[in-house]
Each structure stands twice: as structure tokens, then as C-alpha cells.
Amino acid sequence: MRRQPATARVFRALYSGNARAVIGRGLLATRSSNWMVMVSGFFEPVLYLLSMGLGLGALVGAVEGPAGQEISYAAYIAPALLAVSAMNGAVYDSTWNVFFKMTFAKLYESMLSTSLGPLDVAIGEIFLALLRGALYATGFTAVMMAMGLATSPWALLLIPAAVLIAFGFASLGMGITSFMKTFQQMDWINFVMLPMFLFSATFYPLDVYPQVVQWIIQALPLWHGVELLRQLSVGVFSPATAVHILYYLVMILVGMVLTTRRLRQLFLS
Amino acid sequence: MRAAANGQPVISAQDLRKCYGDFAAVDGLSFEVQAGESFGLLGPNGAGKSTTMRMIGGVSQRTSGTLAVMGLDPDDHGPEVRAHLGVVPQQDNLDEELKVRDNLVVYGRYFGLPLSYLRPKADELLEFAQLSDKANAKVDSLSGGMKRRLTIARALINEPRMLLLDEPTTGLDPQARHILWDRLFRLKESGVTLILTTHHMDEAEQLCDRLIVVDKGRIMAEGSPAELIRRYSTREVLELRFGSQRNTTAVDELRGIGDRIEALPDRVLIYARDGEAALEEATLRGLHPVTSLVRRSSLEDVFLRLTGRSLVD
């Protein structure tokens with residue numbers, strides 16, 4: 001047998017260029033069973049926006065936007081809620097969903113007894129998570145525009161930016177999930193997500209915190225997503241915009257490398 | 001069909017080893033399988049059979065040794081090797097979110113096969129698996145035997161040259177097992193190479209042309225079922241039960257009858273060419289077993305002889 005160069009060999013064992021079969025399977029399964037989950041995922045941020053934005057907003061009144069201009073409280077929190085929903089959707093798809101398919105349904109085991117490699121599976125599953133994220137983002141952005149909360153044409157970029165955020169969380173989430181063995185461990189994910197949702201400058205500006213707390217929050221991914229979308233919603237940019245985008249690009253890269261390595265360890269060891 | 005045409009083995013394993021830390025699950029297996037053959041790995045749970053199957057499918061990397069499946073190294077060419085394999089895992093892993101027929105079509109898509117091929121093929125396989133009337137049923141409404149047949153049908157969607165069956169009928173009732181054996185026998189007749197693991201000797205005797213007896217990751221013996229029985233056992237076996245207290249003391253009194261005596265916790269086995277004659281002699285010695293049974297030797301006896309343990313614990 002002729003041996004090929006090491007990297008080419010590893011790649012051939014990992015990838016068959018057929019992630020679309022995994023995507024096709026996901027769409028068919030969604031059509032037949034999962035669509036209720038999809039619908040609820042769209043309404044969650046909309047309900048938050050209505051209760052907090054309109055309800056609480058009546059008490060708060062106008063607040064200071066990203067460029068120092070006055071905007072309504074609803075317009076202030078709407079992009080943050082979009083970032084949160086991108087995070088939640090991606091994390092649900094890439095953690096609970098993947099955990100279930102890996103541990104109980106043995107779906108990946110059956111996929112990997114065909115021509116598919118682990119990278120096909122990872123790309124396919126992450127693509128599905130992003131497709132769902134894009135649908136939610138489109139719906140929510142439409143709601144924002146209808147309510148007059150997105151004032152700039154730049155706001156259309158909220159959709160790809162939300163997908164970028166989802167991509168970061170999905171790729172890292174799938175890698176982390178591969179370490180999980182029990183449902184108890186899966187709960188740790190919620191333990192990280194909930195405070196991140198509440199404290200990442202989602203409902204009020206970061207400068208209410210002491211400096212140290214600000215640093216911690218700025219190190220976490222959600223804050224970058226919230227800030228990025230908030231800037232896009234009014235079309236005001238700063239050098240920080242590039243930092244936010246870069247943060248997610250690095251997160252995606254780290255997540256993909258981790259996920260592929262873990263899938264290889266789990267299924268091809 | 002390159003390998004088959006040249007008369008080369010479709011699987012060739014030399015000194016195959018798989019270690020988890022210090023523990024060797026597979027400890028130096030060497031065997032060859034020819035195209036069209038039905039080849040079995042017989043052994044108790046934990047003998048390393050499933051690990052060997054996983055290495056053949058390229059989903060478990062060997063620690064050392066060489067392995068070629070249809071001329072390719074499965075560690076390097078996993079997807080290519082699996083394109084020609086049908087895999088039936090020990091536990092059904094059907095897609096519960098999809099309907100019965102969709103399970104076949106979607107699985108075929110994983111091989112990159114076109115829908116124009118898969119649609120008629122799925123119907124054909126449902127017929128083969130006697131599941132045509134369940135095409136649009138949910139998977140969880142199927143019985144254990146039906147799920148097993150669907151898993152086998154699914155493994156055939158890519159028209160594999162080789163089918164890997166890991167404990168194909170474990171956990172099924174006798175009727176379901178016989179239906180399944182019949183289906184597997186038809187596949188064998190149509191020229192598909194079958195590789196199966198089992199800890200049921202009757203299954204091995206029914207389905208295997210040739211088998212290896214595996215224990216603790218090593219090959220204990222190799223041959224056809226009839227050959228192995230001839231080589232390692234007598235023609236007949238007399239089974240005597242004296243009740244759990246009496247079995248060990250009875251062994252002393254039985255000494256000299258037949259070729260060999262094997263004392264198990266629940267019964268005493270006397271290996272003899274003529275079982276009835278052995279029973280007569282035991283009765284002459286004044287022994288009165290609670291029950292007695294004369295039967296033909298089976299692979300179970302071969303395994304007991306080779307390892308000193310019975311196959312099903």
C-alpha cells in the first residue's frame with residue numbers, strides 16, 4: 001500500500017466532502033418533528049422586546065445610544081436581544097441537540113459507519129445551527145424595523161452579524177459538548193449562559209460596573225456580540241467594531257479546531 | 001471487484017492489536033477473509049470481537065499490526081473503505097426522527113448516492129426486509145425484530161460487497177431470529193461477504209463457513225464449524241444434572257466414562273463417541289442424575305474445551 005503524506009491521510013479519514021447529506025437529514029427531521037422548537041425560538045426574543053422594551057421602556061424613557069445620541073430604551077436593548085437569541089439558538093443546537101444525538105440517539109455513530117467523516121458531520125450540524133440562527137435573525141430584524149427600532153440601512157447587516165455570533169457559539173459549543181458525559185455536566189452550560197445573558201451590557205451600559213467586573217465581561221463573547229449589533233443598528237462604527245468581529249473570527253477558528261479534534265478522538269480512536 | 005477477481009482476500013489482518021492503556025482488547029489477531037465467504041468471530045462478551053469489527057470499518061485505529069480491507073488501509077481511507085461496507089452495529093442506531101423509508105434514503109445520501117437510485121432501492125430493500133407496509137411508520141413503533149431487519153436493510157443501501165454484523169440476533173426471540181437468519185442466508189447466496197460476531201454457537205453453526213474462536217483478544221482456534229467440533233470435541237455429549245450439591249462429588253464416581261469429563265457448576269458433561277452407552281455405564285455405577293440428556297457436540301463444547309469457560313455467562 002502506498003502511504004500518502006500524513007496531513008492528506010488524516011484529512012481523507014476525516015472528510016468526504018458530503019456535509020450536504022447531513023444538512024439534508026437535519027432539514028427532513030425538522031420538517032417531521034422539530035418545528036415547534038423552531039417557532040418558540042423565534043418568539044422568545046420578541047416577547048422580551050415587548051415586555052422589557054415597551055413595558056420597562058415606559059419607565060426608563062430615552063437612553064444614550066452607541067454614538068451618544070438619544071434612542072428609545074427598546075431600540076437600546078433590541079440589538080442586544082438579537083445577540084442573545086443568536087447565542088441561545090446556536091448553543092441549544094450545538095450543545096443539547098448534539099449531546100442528545102451523540103449520547104442517546106447514536107446518530108453520529110450511524111453517520112460515521114458510512115462514507116461520511118467527522119468533519120462532514122461537524123460542518124453539517126454547524127451549518128444547520130447557522131441556518132436556524134439566520135432565520136431567527138431575519139425575523140427579529142423585521143420586527144425591529146416594523147417597530148421603528150432600527151433607524152439605519154446598516155441595520156440589514158444585523159442578519160449576517162447575528163450569524164457570525166451564532167457561528168462562534170456553535171463551533172465552540174460543539175467542541176465543549178464533546179467533553180460532556182452526563183446531563184448534570186450539561187447544566188454547567190446554563191450556569192455560564194444565564195449570567196452572561198443578564199450582565200453583558202444587555203439591559204444597561206457596561207459603565208455601571210466597577211473596572212474589574214467590566215474587564216471580565218469584556219473578556220466574554222456575548223458582550224462583543226451585543227456591542228457589535230448595537231453599533232450596526234444605528235450605523236455608527238469605531239475601531240472597536242473590528243475588535244468585536246475579530247473576537248468572533250478567533251472564536252470560530254478555535255471552536256472548529258477543537259470540535260474536529262474531539263470528534264476524531266471520540267469516533268476514530 | 002478487483003480483490004475478488006484476483007482471488008485476493010477481501011480482508012487481510014496480520015498481528016492486529018488494539019490497546020486501551022495497558023489493556024489489550026485485541027492482542028495479535030491474524031486472519032484472512034475471501035470474497036463471498038461467511039466468516040465468524042465467535043467468543044464471549046469482551047473478547048475483542050466488536051473492537052475488531054470497528055477496526056475493519058476504520059472507526060477505531062489499531063495500535064499495531066497491518067490491516068487491509070479490499071486492498072485499502074481503513075485507518076487512512078475510512079470513508080472509501082466504508083463506501084463498500086454495510087455495517088450492522090450491536091445496538092440498533094436507527095434515526096428515530098425519520099420514518100422507516102426515510103431511514104433508508106437518508107442513509108444512502110450519507111454515501112453520496114443520488115435520489116434517483118435510492119428511491120427504488122429503498123422500496124426494494126423494504127420488501128427484502130418484509131417491511132413494505134411499514135414504509136411510512138415511525139421507527140419507534142417497530143418491534144425489536146423489525147428494527148433489526150430495518151438496520152440490515154439500511155446496511156445494504158449502498159450494495160456493499162461486505163456486510164459487518166455485530167451480534168446480529170442478540171436479544172431477539174427465536175422466531176425473529178429465524179426470519180433474520182433466512183434473510184442473511186439469502187444475502188450469502190447472492191455473493192455478499194458476511195463477517196459476523198456472535199456469542200451464540202447455533203448462529204455461528206447456521207451462518208458461518210469458517211470462523212475463529214476468540215478469547216481475551218487472541219485466536220484460540222480456526223476452521224469450519226464441523227472441523228472445529230471434530231478437532232476439539234467428541235461426536236456426542238452426555239449432560240447430567242445431579243443438583244448443585246452433588247455435581248462435584250459425582251465427577252469422582254464418573255471418572256473413566258467417555259473421553260473427557262467437564263464439571264460445570266450446574267451440570268456435568270461427559271464427552272463420548274456414544275452418549276447413550278456412557279449414560280448406561282453411569283447408571284450401572286449406581287448414579288442417578290436428576291436429568292440426563294444426550295446431544296451432538298456443538299461449538300459451545302469447542303469453546304469450553306479451549307478456554308475452560310462457557311460461552312454465555
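Predicted model: local features only at pLDDT ≥ 70, side-chain atom pairs only at ≥ 80, totals over all residues.

How many helices and strands does chain A have?

Chain A first. It has 10 helices and two strands. In sequence order the pattern is α-α-β-β-α-α-α-α-α-α-α-α. Of its 269 residues, 44% count as buried. Take the contacts in chain A with a separation of 6 or more: residues 24 or more positions apart account for 80% of them.

Now the contact between the chains. Chain B puts in 28 residues and chain A puts in 29. On the side of chain B that touches chain A, α3 (78–82) and α4 each supply at least two residues. The largest share, five residues, comes from α4(B). By type, that side of chain B divides into 11 nonpolar, eight polar and nine charged residues.

How far can you trust chain B? Its mean pLDDT is 91, and 97% of its residues reach 70 or more. Confidence is highest in helix α4 (residues 100–110), at a mean of 97. It is lowest in helix α1 (residues 2–5), at a mean of 43. Over residues 1–5 of chain B, pLDDT stays under 50. The model has seven contacts beyond four places in sequence for that stretch.

Now your helix. α11 of chain B covers residues 275–284. Its buried residues are B:G275, B:A278, B:L279 and B:A282. They cover an arc of only 100° around the axis, which puts them on the same side of α11(B). An α-helix has 3.6 residues a turn, so residues three or four places apart point the same way. The face of α11(B) turned away from the buried side carries the exposed residues B:E276, B:E280 and B:L284. After α11(B) comes B:G286, whose phi is positive, near 85°.

B:R255 sits in the loop between α10 (247–254) and β11 (260–263) of chain B. B:R255 has 8 other C-beta atoms within 10 Å, so it is exposed; the cut-off for that label is 12 or fewer. From B:R255 to B:Q245 is 10 residues in sequence and 18 Å in space, C-alpha to C-alpha.

Helix α6 runs over residues 144–155, and its 12 residues should span 16 Å at 1.5 Å a residue. Its end C-alpha atoms are 17 Å apart, which agrees. Buried here are B:R148, B:R149, B:L150, B:T151, B:I152, B:A153, B:R154 and B:A155. The buried residues of α6(B) pack against β5 (85–88), α4, α5 (115–128), β6 (162–166) and α7 (174–189) of chain B. Note α4 in that list: α4(B) also gives five residues to the side that touches chain A.

Definitions and conventions. Residues numbered from 1 in each chain as written. Chains lettered and ligands numbered in written order. Helix = DSSP H or I, 4+ residues; strand = E, 2+ residues; numbered from the N terminus. Buried ≥ 20, exposed ≤ 12 C-beta atoms within 10 Å, placed from the backbone. Contact = placed C-beta atoms within 7 Å. pLDDT = per-residue confidence, 0-100. Arc of directions from axis to C-beta. Nonpolar A, V, L, I, M, F, W, Y, C, P; charged D, E, K, R; others polar. Expected span 1.5 Å × (residues − 1).
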